[in-house]
Amino acid sequence: MSNKKPSISIGLPVYNGENFLKHTLDSILAQTFKDFEVIIADNASTDSTEKICREYADRDKRICYHRNEENIGAARNYNRVFELSTGKYFKWAAHDDLYASEYLERCFEVLERLPSVVLCYSQVMFVDEQGQQIRKSSSELLNLNSTKPQERFQRYLDLMFFGNLGSGKRVSESKKYVNDTSSSTLTKDTINTSQAKLDIETFDDHPGGDRWTPIFGVIRASILKTTPLIGSYLNSDAILLGELALNGEFYEIPAHLFLYRDHQETSARKHNSYYEYNMWFNQTNKQKMILPLWRWFFEYLKSIKRVKLSWSEKIFCYAQMIRWFYLMLPRLSKELIINFLLVLNIQEVSFGSFKKKVPTRW
């Protein structure tokens, strides 16, 4: 690899990714934009991931392979690829996702043309294990284009937590996309309706539905360096997006150039409880009380304090968090009650004929 720093660094953290890794690397290497590096951090995989990575690194000098001696947890591995990167712009790439060939080129053009934009991403096409289309993401995921940080932050909170969350409108929109491929930029047009139904049923596992997917967009590295990156707790990607929104505008490319592979082995589907999911982020979370909603509240406050804003802008953002706390209070209270029961090792609550298991997600 030459001493010239690449324009874009692609960080690819992976653990036991042999099933899809070749497809993802081929998708990246097929980009029309060529000035990039790929930083792979192998989290002590036990399958053929290492062999695949070394083969591709030998084939293309833009690929740099690193292997952790032990599994350091997903969050630290995601942060490691950024710490090893050298590009002006940075993007995370999961080992099982795919990209249209013009993805990097179009994101790079936007970021070079619009210095106020800190994150550029495209709309998403969800595909299954075979790469067949499942559904399209909703439009306007996190298109935060206000020049005022407090307005972007308010819009971000509304979209991520309160915009049609759990409503019938969201589900009906998802079902509509199942049968609509007219605006797809992809060549495949087969829709797996059974998988689409499964996806709709688990649509609300993440607080923002599809709105977390811009975390896989192209980000200004200089801004990303000022953040804590990916935290070792549930849905920390959403917190990072909130802090990025305070730093600058988001730009959404109105085309489905990002193919998110949705299957049973994804982290969200594989880990059936918040406790298991927190363990995936960081194994040191073992035996710790899981209070993700309360954690999010305090992390947002830290983000507002950390970002360089005027006092009036900070006051407005803090006021938004007071509003967030009020609207989320029922869920915050529920979280405390559930964790109290779990600490007492109470797995089921019963009153007469009423019986209910204590949920592992809330």
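Across the whole structure, a search finds 13 salt bridges, a salt bridge being a side-chain nitrogen of Lys or Arg within 4 Å of a carboxyl oxygen of Asp or Glu. The model is predicted: local features need pLDDT of at least 70, side-chain atom pairs count only at pLDDT 80 or more, and totals for chains, interfaces and linings use all residues. Residues are numbered from 1 along each chain as its sequence is written, and side-chain values use heavy atoms, with hydrogens and water left out.

**Overall composition**

- The protein chain contains 13 helices and 11 strands; helices (H or I, at least four residues) and strands (E, at least two) are DSSP runs, numbered from the N terminus.
- Of the 362 residues in the protein chain, 55% are buried. Buried means under 20% relative accessible area, exposed means over 50%, and partly exposed lies in between (1.4 Å probe, protein chains only).
- The accessible surface of the protein chain comes to about 16,900 Å², and 52% of this belongs to carbon and sulfur atoms. Accessible areas come from the Shrake-Rupley method with a 1.4 Å probe; for residues, only the protein chains shown count as cover.
- Among contacts in the protein chain between residues at least 6 apart in sequence, 77% join residues at least 24 apart, where contact means heavy atoms within 4.5 Å.

**Salt bridges**

- E50 and R67 form a salt bridge, with the closest N and O atoms 3.7 Å apart. This pair links distant parts of the chain, since E50 is in helix α2 and R67 in strand β3, 17 residues apart.
- E50 is partly exposed at a relative accessible area of 27%, and R67 also counts as partly exposed, at 33% relative accessibility.
- In the salt bridge between D210 and R135, the closest N and O atoms are 2.9 Å apart. D210 lies in the loop between α7 (193–201) and β8 (218–220), and R135 lies in strand β7 (residues 133–136), so the pair ties together parts that are 75 residues apart in sequence.
- D210 and R135 are both buried.
- A further salt bridge joins the side chains of E151 and K148 (4.0 Å, N to O). Salt bridges that share partners also join D42, E50, R54 and R67 into one network.
- E151 is partly exposed at 37% relative accessibility, and K148 is partly exposed with a relative accessible area of 44%.

**Helices α12 and α13**

- Helix α12 (residues 292–306) packs with α13 at an angle of about 170 degrees, their axes being 9 Å apart. Axes are lines fitted to C-alpha atoms, for helices over the stretch in contact, and angles run from 0 to 180 degrees between N-to-C directions.
- This geometry makes α12 roughly antiparallel to α13; angles under 35 degrees count as roughly parallel, over 145 as roughly antiparallel, 65 to 115 as roughly perpendicular and the rest as oblique.
- Residues making the contact include W294, F297, Y300 and L301 of α12, and Y318, M321, W324 and F325 of α13.
- I338 is found in helix α13 and counts as buried at 5% relative accessibility. I338 and P359 are 21 residues apart in sequence, and their C-alpha atoms are 7.5 Å apart in space.

**Nonpolar surface patch**

- F340, V343 and L344 make a nonpolar surface patch of about 320 Å². Patches are made of residues with over 30% relative accessible area and no salt bridge: like charges are joined within 9 Å, nonpolar side chains (Val, Leu, Ile, Met, Phe, Trp, Tyr) within 5 Å.
- F340 is found in helix α13 (residues 311–343) and is exposed, with a relative accessible area of 53%.

**Helix α1 and its cover**

- The buried residues in helix α1 (residues 21–29) are L21, T24, L25, S27, I28 and L29.
- The cover over the buried residues of α1 includes β1 (8–14), β2 (36–42), α2 (49–59), β3 (63–67) and β5 (98–99).

**Backbone at two asparagines**

- N16 is a residue other than glycine with a positive phi, near 50 degrees. N16 lies in the loop between β1 and α1 and is partly exposed, with a relative accessible area of 27%.
- N345 is not a glycine, yet has a positive phi of about 60 degrees. The loop between α13 and β10 (348–351) holds N345, and N345 is exposed, with a relative accessible area of 58%.
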